[in-house]
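Visitor: I would like to learn how to read a helix and a loop residue in a model. Please show me the structure.

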Amino acid sequence: MAYQYYINFKDKTEYVKHDNHFLTYPIGSLLFAVMDTEWDALSEEISAYRRNLYRIDQVQQSVALISERFNNTHVFLKRDFERLSRSGDILYASYYWAMDYARLKQELARLIANVLDMDGDNADMTVLQRYFLLNATDPETRRFKQRMHEQLKVFQCMMCGEDETAMEISRESVSGLNLEAAICYASDDLRTLVFMEFEYMVTEGYAIRRCDNCGKYFLPFSVVSRYCDRLYSGQKTCKDYAIRERYNQKLAGNELRALYVKNNNAYQMRVRRAPELYTPDEYTAWKIAARKALDEEENGKLPEALCRQMLSLPKKSK
C-alpha cells in the first residue's frame with residue numbers, strides 16, 4: 001500500500017521522499033515549519049475569503065495566495081495543502097486543515113516547553129528524563145501519543161529516481177538503475193510524522209531553544225548558541241543580524257573604535273580611487289597597526305592620545 005508521506009531520520013538529518021528521490025533537511029525542519037506557521041491567522045484569512053469570494057477565479061486566486069505562503073517552507077507542508085485541491089469546496093477544506101494544524105501546534109508547544117526546550121522547566125534533567133516524567137504523570141500526553149502512533153506505519157521505501165509505473169521492468173532495465181532505499185515512517189496524515197520527528201529528537205536528546213532575535217525555536221550548535229539561521233532582515237539571518245547589532249552597540253560605546261571604522265572606510269576608498277598615491281600594501285600595514293593599537297588601548301597598555309595618533313590617516317605617499 002502506498003502512503004502520502006515517507007520520512008526517515010538519521011543523526012541530524014531528515015530524509016523525505018519527494019518526486020521519487022530523498023530530499024534532505026536539517027533535523028527538526030518539519031517540526032519547526034509547523035511551529036513557525038501562524039495557523040490561527042491563516043484560518044482567519046481563509047474564513048474571510050469564504051465570506052467575500054463568489055466567483056471561481058476569485059477562489060482560485062485566493063488558493064494560489066495561500067499556496068505561496070508555503071513556497072519557502074518544508075516541501076511536505078506545501079504538498080499537504082495542495083492535496084486539498086481534490087476537495088469539492090477547497091476553501092472549506094483549507095479552513096479546517098489550518099484549524100487542525102493550529103490544534104497540533106498548540107499540543108506540540110506544550111510538549112516542547114516541557115521536554116525539548118533547554119531553557120524550560122526541569123532544565124536540569126535530560127530531554128529523555130523530562131519526556132519520561134511527562135508520560136508518567138500526564139494522561140493527556142499519553143492519549144495524544146497513542147492517537148499519533150495509531151496512524152503510523154513503518155515501511156521500506158525504495159526508489160529508482162523515476163516513475164515506476166511508466167517503466168518497462170526487465171533484468172536489463174533494473175540492472176541500470178541507481179536505487180535508493182531506507183526504512184521510513186509512513187502515513188497519510190502528515191501530523192503523525194511531525195510528532196514522530198519530535199519523538200526522534202527526544203530519543204536522540206536534541207534540546208532546542210528560542211532564538212533571542214526572532215523568538216522561534218531552533219536546534220543550537222552548542223549550549224551557548226542564542227540565534228538561529230532563519231532570514232530575518234533582507235538577506236541577513238538572525239545570527240548575522242545579532243552579530244551586526246552587537247558590533248554597532250560596541251561601536252556606540254567606544255569612540256576610538258568608531259574612529260577606526262570611519263578612517264578605515266576612508267582609507268579603503270582612497271586606495272580604490274588613487275592607488276598610485278595610497279597603495280594596498282600601505283593600507284594593510286596601517287590597518288594591522290591600528291587594530292593592534294585599539295586592542296592595546298582597551299587593555300590599558302597604550303595611552304588614548306597615542307592610540308588616536310595611530311588611528312589617524314597617513315598623508316599621501318607621493
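This is a predicted model: local features need pLDDT of at least 70, side-chain atom pairs count only at pLDDT 80 or more; totals for chains, interfaces and linings use all residues.

Visitor: Which residues of helix 3 are buried?

Guide: Helices (H or I, at least four residues) are DSSP runs numbered from the N terminus, as are strands (E, at least two). Buried means under 20% relative accessible area, exposed over 50%, partly exposed in between (1.4 Å probe, protein chains only). In helix 3 (residues 56-68), the buried residues are Ser62, Val63, Ile66 and Ser67. They fall within an arc of 140° seen down the axis, so they line one face of the helix; the arc is that of the directions from the helix axis to the C-beta atoms. Gln60 and Gln61, on the other side, are exposed.

Visitor: What is in contact with serine 62, beyond its neighbours within four places in sequence?

Guide: Contact means heavy atoms within 4.5 Å. On that basis serine 62 touches Tyr49, Leu53 and Leu91. Its relative accessible area is 2%.

Visitor: Is asparagine 299 buried or exposed?

Guide: Asparagine 299 is exposed, at 56% relative accessible area. It sits in the loop between helix 12 (280-298) and helix 13 (304-311). Its side chain reaches the backbone oxygen of aspartate 295 at 3.0 Å.

Definitions and conventions. Residues are numbered from 1 along each chain as its sequence is written. Side-chain values use heavy atoms; hydrogens and water are left out. A polar contact is a pair of N or O atoms within 3.5 Å; within protein, one must be able to donate a hydrogen and the other to accept it, and residues adjacent in sequence count only if both atoms are side-chain atoms. The expected span of a helix is 1.5 Å times one less than its number of residues.
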